[in-house]
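Here is a sequence with its model to look through together. Let's take it one question at a time.

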Amino acid sequence: MYKFFDYLAPDLPIRTIRDLLGYIRRFAALFGAGGVPVEGQMDGVGFCATQQPGGDVRVHWVQVNRQRIPVDAVV
């Protein structure tokens, strides 16, 4: 999870990163059945994530404005 914050801290405020993290977890749990990567967006920040069998979520990338940030972190 720290990797997720480290990658995004230069581009987003910590509060926004926390909100995004919660949203990604819920979004992937609802729409990411069977380990299929899902893409979504929250307040102009895009992301791609996969629900893992154990309940964790792997975030592949986050896009802030036009910059796609490869994250590859389990949260």
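Q: Is Arg-58 buried, partly exposed or exposed?
A: A word on the source comes before the answer: this is a predicted model, in which local features need pLDDT of at least 70 and side-chain atom pairs count only at pLDDT 80 or more, while totals for chains, interfaces and linings use all residues. Residues are numbered from 1 along each chain as its sequence is written, and side-chain values use heavy atoms, with hydrogens and water left out. Buried means under 20% relative accessible area and exposed over 50%, with partly exposed in between (1.4 Å probe, protein chains only). Arg-58 has 27% relative accessibility, so this residue counts as partly exposed.

Q: Which residue forms a salt bridge with Arg-58?
A: A salt bridge here is a side-chain nitrogen of Lys or Arg within 4 Å of a carboxyl oxygen of Asp or Glu, and by this rule the count comes to one. The closest N and O atoms of the pair are 2.9 Å apart, and the partner of Arg-58 is Asp-72.

Q: Which strands hold Asp-72 and Arg-58?
A: Strands are DSSP runs (E, at least two residues), numbered from the N terminus. The two residues are 14 apart in sequence, so their pair ties together separate parts, with Asp-72 in strand β4 and Arg-58 in strand β3.

Q: What is the order of the strands in the open sheet?
A: Two strands pair if DSSP finds at least two bridges between them. The edge strands, each pairing on one side only, are β1 (38–42) and β4 (67–74). With antiparallel pairing, the four strands have the order β1-β2-β3-β4.

Q: How many of the seven residues of β2 are buried?
A: Val-45, Phe-47, Ala-49 and Gln-51 point one way from β2, while Gly-46, Cys-48 and Thr-50 point the other way. Strand β2 is largely enclosed by the rest of the structure, because the buried residues number seven of the seven.

Q: Which residues make up the uncovered face of β1?
A: In a regular strand the side chains alternate between the two faces of the sheet. The covered face of β1 has Val-38, Gly-40 and Met-42, which leaves the uncovered one to Glu-39 and Gln-41.
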